[in-house]
Amino acid sequence: MKKIFGKPESLSDKQFTYCPGCGHSLIHRLTAEVIDELGIMPRCIGVASVGCSVFADEYFNFDFIQAAHGRAPAVATGIKRVAPECVVFTHQGDGDLASIGTAEIIHSANRGEKITVIFVNNAIYGMTGGQMAPTTLVGMKTTTSPLGRRPETAGYPIRVCELLKGFDGVAYLERTAVNNPANVMKTKRALKRAFETQLEGLGFSLVEILSQCPTGWGMLPKDAVEWVDKNMKPYFALGVFKDIRAEEPQHVT
Amino acid sequence: MAQERSLMKGNEAIGEAAIRAGCRFYAGYPITPQNELTEYMSRRMPEVGGTFIQSESELAAINMVYGAAAAGARAMTSSSGPGISLKQEGISYLCGAELPCFYANIVRGGPGLGNIAPAQSDYFQATRGGGHGDYRVIVLGPSTVQELVDLTMLGFELADRYRNPAMILGDGILGQMMEPVVMSDAIEYDASPKKEWALGSSEGRSKHLITSVRLAPGTLEKHNMHLLEKYRKVEEDEVRYELYEVDDADVVLVAYGTAARVAKAAVAMSRQNGGIKLGLVRPITLWPFPKTVISDIAKDKPDILVVEMSLGQMYEDVLLSVCGKAKVSLLAHTGGGLPSEAEIVETAKRAKSSNEAIEVYPSVD
Amino acid sequence: MTTKLIMAGFGGQGVVLMGTLLSYSAMVQGKHTTFFPSYGAEMRGGTANCSVIVSDEEIPSPVVSVPDCVVAMNIASLGKFEGRVREGGVIFINSSLVDKHVSRKDVEEVRVPANEIAEELGASRAANMVMLGAVIKKTRAVELQSAINSLEKVLSERAMAYLDVNKKALERGFNEIP
Ligand SMILES: Cc1ncc(C[n+]2csc(CCOP(=O)(O)OP(=O)(O)O)c2C)c(N)n1
Ligand code: SF4
């Protein structure tokens, strides 16, 4: 009999300690499933960033390194250049990747580093207590935008996939979500494509995943999944932004 | 309105004091345990017509402050260890270009990402400069929420007076705790008659240049000697400390910040119980360090015990000040550990009865 | 006299407000006081606690490792802090939500049906104030009147509508203790 639901081999026995309804745990699980399916677990190296997923290493059964805030792509670059046979990925939040780490993400994308970036966009700083993120939506209230994000002073939410699309070193880019079963399946497929891109040595790959942060948003998990549909998706279009393996990039939305 | 006591969180008290000191520019990046200061400024700055920016990183924050200070504003930033490390580049530039600014380091446990517990382990970084080049930063070490307020106001003053960054070296406890505090009245600070060196409209005056690059042979040497002269003046005029029950003490404690609160209680406890007579020197300025007073005390007190929440960092300054005249022992905690009153009294007794200086560290089995 | 307390519960039970009001009342009475919250990642999982010290003398560290009193607003808090109370100390239990009793023999257990009393008053959210009233009576750390007078200073604007019921809750809790 085929086992259809069980703990992926890549995932450790450690229980997730994220808040109930948090997207990070789901994304870890999908990552582990994909790594299992591709049979690459022993040569995987994960790079944990700074944010709620700072202890991501605890959840996986392969090598991990913890990087300084925003620097994960640079750390991954160093690892991949020295150990090109390994599959190297980062797991980064939006503050980490799109604020303090903008230089690192842009330049590793531009260099076409053969790494995979798993970008968790929850539109807020979860770890430090709900401050404004570079991806916080216009008008959204956070502890450092108490009256709602005002574009006049805080600018607009950064669309990372759109930003990176123009770099020639980028081989695969997709934005997905994990707020319903269909989106979860799409995210898994996207992660697989991204890792395959790395395995084929084609260049930089990144999957941006719209993720729920019920705690930072101050809502129940069930409201948070709806909030993604209502507020995030209209601004952050889902779809494949770049796939050099496909002839024509398909835009799904 | 002043004089009224209010109950305030340390982080917020710094923010309010800064505003009352005329600070109208704040740039910062979230980090625990100082987030409430950034959050406070996001609410308060717009109310007073100032600028609040959540920068994309600490590197950006300090460079924004560099710009705001150059344009004549009282400007500040704040962070905790990991972020202050990133700011070192900008701080070095501020010192080189002789720009005033104020910042707070609400210290957490390090090295690396460490933890978010209170610590004093950034003492070296703060008092030795921290970034590249020959420079000093004025370092203030408050030990109560009231002092966070008073020293924040003083910090802006000193920064302007010496055209040099001044900082508060706090810790997670001071930032997070609430304590009664009396806010001073807002000072009459008007940034409009700009500092005469600041950038602005150059109409009718010769142009201003703010820079830290001095390539022509001899010019950097000359400039750095000018800085040294300034630092000597700071050392002469700005040393601040508190003495507590030192006169008849058998063992003199040296501690600052949160560690000094506990040390003070240890002095009182031991005296109440008729135990060993302790006294306390509490440096309030960590740079300039109260060398002279400690050196004088060492002349007739054979035993000094340094109590700190780091592995012997201020200890080195005390050793340098004492210069072999007395036995200097150490009680050190690290990584978020705090000394207790009983432990201080016990260590003081041991130090006194030992022929050699002792160093006591946390036991970790 | 010095009283060291740890107050704990889940997020939304108003534990921080309880501690703030106690500390504020002490300040109004001219006492030394400190308030220290749990912060950062400690708060993940939805629990909250704070340490309050009220004293006639200067307070060394605001961190309370061995409290005189623990206030457990929910069961998890009882488990977490029961062992920390000093010998002869007091553990206040919100008996509306916690059936369990203190297992130690060397501390006193005070049970306050805080939620039930608050509901009787028509404001279930005021359970924290019922509990604080009881704490004040038992510890004598501050005067009840100071707490009642200080309420409007610590309540958020939104909560000001409940000022009166909060005052009543403080009184009811105070009178719960013989
Ligand atoms: C240099 C530095 N600055 C600031 C911090 C504090 N810090 C920790 S996590 C974080 C933000 C995390 O937000 P995000 O990347 O969106 O991840 P999330 O927690 O939402 O998953 C910050 C600012 C730090 N650790 N290091
Ligand atoms: S704060 Fe948000 S991102 Fe962090 S664990 Fe909780 S739900 Fe997840």
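Is A:Gly21 buried, exposed or partly exposed? I looked it up, and A:Gly21 comes out as partly exposed at 36% relative accessibility. For my own notes: buried means under 20% relative accessible area, exposed means over 50%, and partly exposed is in between, with a 1.4 Å probe and protein chains only.

I'm working with a predicted model, where local features need pLDDT of at least 70, side-chain atom pairs count only at pLDDT 80 or more, and totals for chains, interfaces and linings use all residues. Residues are numbered from 1 along each chain as its sequence is written, chains are lettered from A and ligands numbered from 1 in the order in which they are written, and side-chain values use heavy atoms, with hydrogens and water left out.

**Entry 1: A:Gly21**

I placed A:Gly21 in the segment before helix 1 (23-38) of chain A. Helices here are DSSP runs of H or I with at least four residues, strands are E runs of at least two, and both are numbered from the N terminus. I also checked A:Gly21 against A:Phe236: they sit 215 residues apart in sequence and 21 Å apart in space, C-alpha to C-alpha.

**Entry 2: ligand 1**

Next I went to ligand 1, which lies between chains A and B. I found 23 residues around ligand 1, and those that come nearest are A:His24, A:Asp94, A:Asp96, A:Gly126 and B:Glu58. A residue is near if one of its heavy atoms lies within 4 Å.

Then I looked for polar contacts, meaning pairs of N or O atoms within 3.5 Å; within protein, one must be able to donate a hydrogen and the other to accept it, and residues adjacent in sequence count only if both atoms are side-chain atoms. An oxygen atom of ligand 1 is 2.9 Å from a polar backbone atom of A:Gly95. For A:Asp96, I noted 2.8 Å between a polar backbone atom and an oxygen of the ligand. A backbone N or O atom of A:Met127 is 2.9 Å from a ligand oxygen too.

How much of ligand 1 does the protein bury? Taken alone, ligand 1 exposes 590 Å², and the protein buries 97% of that. I read that these areas come from the Shrake-Rupley method with a 1.4 Å probe; for residues, only the protein chains shown count as cover.

**Entry 3: aromatic pairs**

Rings of Phe, Tyr and Trp (its six-membered ring) pair if their centres lie within 6.5 Å; planes under 30 degrees apart are stacked, over 60 edge-to-face, and the rest tilted. I got 18 aromatic pairs over all chains.

A:Phe64 and A:Phe89 make an edge-to-face pair, 6.0 Å centre to centre with 90 degrees between the planes. A:Phe64 is in strand 2 (residues 63-66) of chain A and A:Phe89 in strand 3 (residues 87-93) of chain A, so the pair ties together parts that are 25 residues apart in sequence. A:Phe89 is buried, at 1% relative accessible area.

I also wrote down A:Trp217 and A:Trp227, a tilted pair at 4.5 Å centre to centre and 45 degrees between the planes. A:Trp217 is buried at 11%, and A:Trp227 is buried at 18%.

**Entry 4: chain C**

Last, I looked at C:Ser146, in helix 5 (residues 144-154) of chain C. C:Ser146 counts as buried at 9% relative accessibility. Its side chain joins that of C:Gln29 in a polar contact of 2.6 Å.
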